[in-house]
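Here is a short note for a colleague opening this entry. Please read the points alongside the display.

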Amino acid sequence: MASHGGYTLVVIAVCSLLALAIAVERFIAMWRVVPEARALHEQVSKSLLRGDHAQARAFCERSRALAAEIFLAGFARYGQGARESFDAAVDRERVALTLKLKAHLWGLGTIGTISPFVGLFGTVVGIRTAFSAMAAAGTGGFAVVANGISEALVATAAGIFVAIEAVVLYNFFQARLGRIAAELKLITDEFVELLRERPNVVGASPEKIKTTPTTNT
């Protein structure tokens, strides 16, 4: 069946492999985002509840979690300017992380869209070849072209199969990305509330540095 598809089937096979490669890469990228963010948030929250902003920031600087950039953006703008600028800085970093996780998903959508048309193109070319052979032989009848048409339809079947594969993977990752974005939003909101409500007794806050000496607890 693969040999009957011609060069079009090669293109479809490449699309299938590319879709699988994108899926594996995105699965690895998204695999530990939420658990690592929760673990880091728990460490940061405990430090903030004690008022130890310096230790909370140190946890973020040492962490390999992607969500650490969100927390560091909050610490960088903490105590500087208006409340709106602080919220905007944290939200920008959260959106940037979501966009980073969304990278390459457009490839799955594209493959899911074009694969049936690539298969249809192969089928049209195959049918044209079959009729050309019939004309060259000088004989007619459906029996003459039936075998060629059935072989040409392999390309359409393969294209539809790859399209289904890509669309299923695309929808899976879109749903997973939505859950990750919601989890990051909840974690970010809790972090912002804690950072605002808990005073910095150790001295990481610019306001406290002017009046309170730095001590270690």
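The numbered points below go from overall make-up to single residues, and then to confidence.

1. **What kind of model.** This is a predicted model. The average pLDDT of the protein chain is 82. A score of at least 70 is reached by 78% of the residues. Keep that in mind for everything below.

2. **Overall make-up.** The protein chain has 8 helices and 0 strands. Read from the N terminus, the order of elements is α-α-α-α-α-α-α-α. Of the 217 residues in the chain, 38% are buried. Take the contacts in the chain with a separation of 6 or more: 76% of them join residues 24 or more positions apart.

3. **Helix H3, buried side.** H3 covers residues 53-62. Its buried residues are His53, Ala56, Phe59 and Cys60. They lie on the same side of H3, because they span an arc of only 120° around the axis. For Cys60 the relative accessible area is 1%.

4. **Helix H3, the other face.** Which exposed residues sit on the face of H3 turned away from its buried side? They are Glu61 and Arg62. Glu61 has a relative accessible area of 53%, so it counts as exposed. The cut-off for that class is over 50%.

5. Arg57 is partly exposed, at 33% relative accessible area.

6. The structure contains 6 salt bridges. One of them joins Arg38 to Glu183, with 2.6 Å between the closest N and O atoms. Arg38 is in helix H2 (residues 33-49), and Glu183 is in helix H7 (residues 142-197). The pair therefore ties together parts 145 residues apart in sequence. Both partners are partly exposed: Arg38 has 44% relative accessibility, and Glu183 has a relative accessible area of 25%.

7. Asp91 and Arg94 form another salt bridge, their closest N and O atoms being 3.5 Å apart. They are 3 residues apart in helix H5 (residues 83-101), so about one helical turn separates them. Are the two partners buried or partly exposed? Asp91 is partly exposed, with a relative accessible area of 31%. Arg94 counts as buried, at 13% relative accessibility.

8. Thr123 is part of helix H6 (residues 105-137). Thr123 counts as buried because its relative accessibility is 4%, and the cut-off is under 20%. Leaving out residues up to four places away in sequence, Thr123 touches Ala152, Leu153, Ala155 and Thr156. With Thr156 there is also a polar contact, side chain to side chain, at 2.3 Å.

9. **Cysteines.** How many disulfides does a search of the whole structure find? The search finds 0. Cys15 counts as buried, with 12% relative accessibility.

10. Most residues other than glycine have a negative phi. His104 is not a glycine, yet its phi is positive, at about 75°. The residue sits in the loop between H5 and H6. At 41% relative accessibility, His104 counts as partly exposed.

11. **Where to be careful.** Confidence in the protein chain is highest in H2, at a mean of 91. Confidence is lowest in helix H8 (residues 206-209), at a mean of 38. Over residues 203-217 the pLDDT stays under 50. The model has 17 contacts beyond four places in sequence for that stretch. Where pLDDT is low, predicted coordinates should not be read in detail.

Note on methods: Residues numbered from 1 in each chain as written. Predicted model: local features only at pLDDT ≥ 70, side-chain atom pairs only at ≥ 80, totals over all residues. Heavy atoms only, no water. Buried < 20%, exposed > 50% of the residue type's maximum accessible area, 1.4 Å probe, protein only. Helix = DSSP H or I, 4+ residues; strand = E, 2+ residues; numbered from the N terminus. Arc of directions from axis to C-beta. Disulfide = S-S within 2.5 Å. Polar contact = N/O pair within 3.5 Å; in protein donor to acceptor, adjacent residues only side chain to side chain. Contact = heavy atoms within 4.5 Å. Salt bridge = Lys/Arg side-chain N within 4 Å of Asp/Glu carboxyl O. pLDDT = per-residue confidence, 0-100.
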